[in-house]
Amino acid sequence: MPSLFDPMQIGDLILANRIVMAPLTRSRSRGLKPGAMAVEYYRQRAAAGLIITEGTQINPEGQGYLDTPGIHSSEQIAAWREVTDAVHAAGGKIAVQLWHVGRISHQVFQPEGRAPVSSTSRPANGKTFTAEGLVPVSAPRALATEEIPGVVAAFVHAARCAMEAGFDAVEVHGANGYLIDQFLRDSINDRTDQYGGSIENRARLLVEVMTAIAAAIGPGRTGLRLSPVTPVNDAGQDSQAQALFNHVAEQLAPLKLAFLDVVEGQTGGPRDIAPFDYQAMRQRFGGTWIANNGYSREMALQAVAAGEADAIAFGRDFISNPDLVRRLRLNAPLQPLDRATLYGGDAKGYIDYPALAA
Ligand code: 8OZ
């Protein structure tokens, strides 16, 4: 069996190791595009086998929080090009996370102050961060059936923009109670058209998005993040989560996607909140499996050595340890995370975490 530190091929990419930087929202993109600090932040972390960027909206409607970047305009492509060039010059690989928040948004972010869109018109019980601070999310409007091809097209447009910006791959954000998850789960999706009701119908938007992106940029550059049981963002458990996500994995298998990145348990929280057989889902998918959520060094070494995952994504540890790969190799102590500087702000808690001395 391979080691966490061995190279691997995922889709069209060769990664230097199996340590992935998980997507992490930092809300420091003034003007909705990455700036010079983001270039430095990602460059510092380029020793990861693969960096997956923070959630990056595919269109204006896809935004739900203050100062998150997008990947749909020529200005944003040019700004991200600085990031991908810096990561590549440092020997790394980088995928952008394609994000549509759906109902986890506020009207202040929406074009002409409209309601956010979702699978449903029922509001989420949750908050988002705006210029006014933490506020309840706005009530959404359920997308009409005729509008869904436009959502798929927006994902494809963003994936094409990502290729133009020099990204090695994209990761579609299908997790954490955002738009795609709002279609998947029967706790949220109350539609009566072909995108609601049965498991097949609720998985339809996801499968259409993945099929269309894979056709546009190549399946070997197309990955996906899912979180089968996470409750974050008012994502109630699906009544048949195992059957739903097994079906999703079976539908995706023939696409030969680059990877599936799976959050085990509650995103950023306990791993054992609900029973779920991830290996059963993995068998049905059959491709590269990146596992995530609260992995220690020991757990990561063990999971890859035992063949339970092909790679491991680390989130918070990568924020406070830019040289996480080296620290894991050396079994060196990890620096703690400063939660006060997670979202918004400046260089503090962003690009000033020190690396180990040479
Ligand atoms: C934390 C704060 C804002 C957004 C996710 C994109 O949970 C996020 C996110 C996390 O996937």
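Buried means under 20% relative accessible area, exposed over 50%, and partly exposed in between, with a 1.4 Å probe and protein chains only. By that cut-off, Ile94, Val96 and Leu98 on one side of β5 and Ala95, Gln97 and Trp99 on the other are all buried. Strands are DSSP runs of E with at least two residues, helices are runs of H or I with at least four, and both are numbered from the N terminus.

This is a predicted model, in which local features need pLDDT of at least 70, side-chain atom pairs count only at pLDDT 80 or more, and totals for chains, interfaces and linings use all residues. Residues are numbered from 1 along each chain as its sequence is written, and side-chain values use heavy atoms, leaving out hydrogens and water.

**Strand β5 and its partners**

- β5 covers residues 94–99, and six of its six residues are buried.
- β4 (residues 50–57) pairs with β5 in the parallel sense over five bridges; two strands pair if DSSP finds at least two bridges between them.
- In this pairing, Leu98 of β5 has Thr56 opposite.
- β5 also pairs with β10, in the parallel sense, over four bridges.
- There, Val96 has Val170 of β10 as its bridge partner.
- A right-handed β-α-β unit is built from β4, helix α2 (residues 74–89) and β5.
- Right-handed means that, with the strands pointing away from the viewer, the path from the first strand over the helix to the second runs clockwise.

**Loop residues with positive phi**

- Ser27 is not a glycine, yet its phi is positive, near 50 degrees.
- Ser27 sits in the loop between β3 (19–21) and α1 (36–44).
- Ser27 counts as buried because its relative accessibility is 7%.
- Asn176, also not a glycine, has a positive phi of about 55 degrees.
- The loop that holds Asn176 runs between β10 (169–173) and α4 (179–184).
- Asn176 has 9% relative accessibility, so Asn176 counts as buried.

**Helix α6**

- α6 (residues 204–217) has 14 residues and spans 20 Å from first C-alpha to last, close to the 20 Å expected at 1.5 Å a residue.
- The expected span is 1.5 Å times one less than the number of residues in the helix.
- Buried residues in α6 are Leu205, Leu206, Val207, Val209, Met210, Ile213, Ala214 and Ile217.
- An α-helix has 3.6 residues a turn, so residues three or four places apart point the same way.
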